[in-house]
Amino acid sequence: MATDYDAPRKSEEDLSEDSIEELKTRRAEKPTAVVEEDESDLAEGYELPGADLSGEELLVRVLPAQADEFTCASCFLVRHRSQIALEKNGLLYCRDCEG
(Lines give C-alpha, C1' and ligand atoms only; values in the text may rest on other atoms or scores of the structure.)
Protein backbone atom coordinates (compact mmCIF):
# COMPACT_ATOMS: atom_id res chain seq x y z
CA MET A 1 0.00 0.00 0.00
CA ALA A 2 1.31 3.45 -0.89
CA THR A 3 2.03 5.95 1.88
CA ASP A 4 1.07 9.58 1.52
CA TYR A 5 4.01 11.46 3.02
CA ASP A 6 2.30 14.82 2.54
CA ALA A 7 -0.54 13.88 4.88
CA PRO A 8 -0.45 15.36 8.40
CA ARG A 9 1.16 13.02 10.89
CA LYS A 10 -1.01 14.04 13.83
CA SER A 11 -4.30 12.45 14.72
CA GLU A 12 -7.52 14.46 14.82
CA GLU A 13 -7.30 14.73 18.62
CA ASP A 14 -3.83 16.23 18.42
CA LEU A 15 -4.87 18.71 15.76
CA SER A 16 -7.80 20.03 17.78
CA GLU A 17 -5.70 20.20 20.94
CA ASP A 18 -3.02 22.42 19.39
CA SER A 19 -5.20 25.38 18.52
CA ILE A 20 -3.57 28.81 18.56
CA GLU A 21 -5.54 30.01 21.56
CA GLU A 22 -4.66 26.93 23.57
CA LEU A 23 -0.99 27.26 22.77
CA LYS A 24 -1.06 30.93 23.79
CA THR A 25 -2.61 30.08 27.15
CA ARG A 26 -0.01 27.34 27.76
CA ARG A 27 2.74 29.80 26.97
CA ALA A 28 1.33 32.38 29.38
CA GLU A 29 0.96 29.80 32.16
CA LYS A 30 4.57 28.59 32.03
CA PRO A 31 6.98 30.76 33.97
CA THR A 32 10.05 31.68 31.98
CA ALA A 33 13.46 31.79 33.56
CA VAL A 34 15.13 35.14 33.04
CA VAL A 35 18.83 35.37 33.67
CA GLU A 36 19.91 38.82 34.69
CA GLU A 37 23.60 39.45 34.21
CA ASP A 38 25.34 42.39 35.74
CA GLU A 39 27.62 44.12 33.24
CA SER A 40 30.28 44.71 35.87
CA ASP A 41 30.45 40.97 36.57
CA LEU A 42 30.95 40.26 32.89
CA ALA A 43 33.70 42.86 32.60
CA GLU A 44 35.76 41.22 35.35
CA GLY A 45 36.47 38.22 33.11
CA TYR A 46 38.17 40.30 30.41
CA GLU A 47 41.81 41.27 30.56
CA LEU A 48 42.91 44.36 28.72
CA PRO A 49 46.13 44.32 26.71
CA GLY A 50 48.94 45.96 28.65
CA ALA A 51 47.14 45.56 31.98
CA ASP A 52 49.37 45.36 35.04
CA LEU A 53 49.16 41.78 36.30
CA SER A 54 52.18 41.95 38.60
CA GLY A 55 49.99 41.55 41.69
CA GLU A 56 48.29 38.40 40.38
CA GLU A 57 49.26 34.92 41.55
CA LEU A 58 49.07 31.67 39.61
CA LEU A 59 46.21 29.50 40.77
CA VAL A 60 47.46 26.35 39.04
CA ARG A 61 50.36 24.07 39.78
CA VAL A 62 52.93 24.14 36.98
CA LEU A 63 54.75 20.87 36.34
CA PRO A 64 58.07 20.63 34.52
CA ALA A 65 58.21 18.64 31.28
CA GLN A 66 58.05 14.92 32.02
CA ALA A 67 60.47 12.30 30.68
CA ASP A 68 58.07 11.37 27.88
CA GLU A 69 57.48 15.00 26.81
CA PHE A 70 59.36 17.65 24.86
CA THR A 71 58.89 21.33 24.08
CA CYS A 72 58.57 22.19 20.40
CA ALA A 73 61.19 24.75 19.32
CA SER A 74 58.68 26.43 16.98
CA CYS A 75 55.30 26.62 18.76
CA PHE A 76 56.74 26.13 22.30
CA LEU A 77 53.99 23.68 23.25
CA VAL A 78 54.79 20.72 25.48
CA ARG A 79 54.03 17.59 23.50
CA HIS A 80 54.35 13.83 23.93
CA ARG A 81 57.53 12.32 22.46
CA SER A 82 55.44 10.47 19.87
CA GLN A 83 54.81 13.89 18.26
CA ILE A 84 58.50 14.50 17.43
CA ALA A 85 58.80 14.98 13.69
CA LEU A 86 62.22 16.59 13.30
CA GLU A 87 65.37 17.13 15.31
CA LYS A 88 67.59 19.89 14.00
CA ASN A 89 70.66 21.28 15.79
CA GLY A 90 69.52 19.74 19.07
CA LEU A 91 66.06 21.34 18.80
CA LEU A 92 62.91 19.23 18.57
CA TYR A 93 59.96 20.11 16.34
CA CYS A 94 56.45 18.67 16.53
CA ARG A 95 54.49 17.21 13.63
CA ASP A 96 52.35 20.35 13.32
CA CYS A 97 55.36 22.64 12.92
CA GLU A 98 57.48 20.40 10.71
CA GLY A 99 55.96 21.59 7.43
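Leu86 has Tyr93, in strand 4, as its bridge partner. The two strands involved are strand 3 (residues 84-88) and strand 4 (residues 91-94), which pair in the antiparallel sense over four bridges. Strands pair here if DSSP finds at least two bridges between them. A strand is a DSSP run of E with at least two residues, a helix is a run of H or I with at least four, and both are numbered from the N terminus.

Together, strand 3 and strand 4 make a hairpin with two residues between them. Asn89 sits in that turn and has a positive phi of about 55°.

## Where the model comes from

This is a predicted model, where local features need pLDDT of at least 70, side-chain atom pairs count only at pLDDT 80 or more, and totals for chains, interfaces and linings use all residues. Residues are numbered from 1 along each chain as its sequence is written, and side-chain values use heavy atoms, leaving out hydrogens and water.

A disulfide means a pair of cysteine sulfur atoms within 2.5 Å, and the count here is zero. Cys72 is in no disulfide, and the nearest cysteine sulfur, in Cys75, is 3.7 Å away.

Cys72 is buried (under 20% relative accessible area, with exposed over 50%, partly exposed in between, 1.4 Å probe, protein chains only), because its relative accessibility is 0%. Cys75 has 28%, so Cys75 counts as partly exposed.

## The whole protein

The protein has four helices and four strands, in the order α-α-α-β-β-β-β-α along the sequence. Of its 99 residues, 6% are buried.
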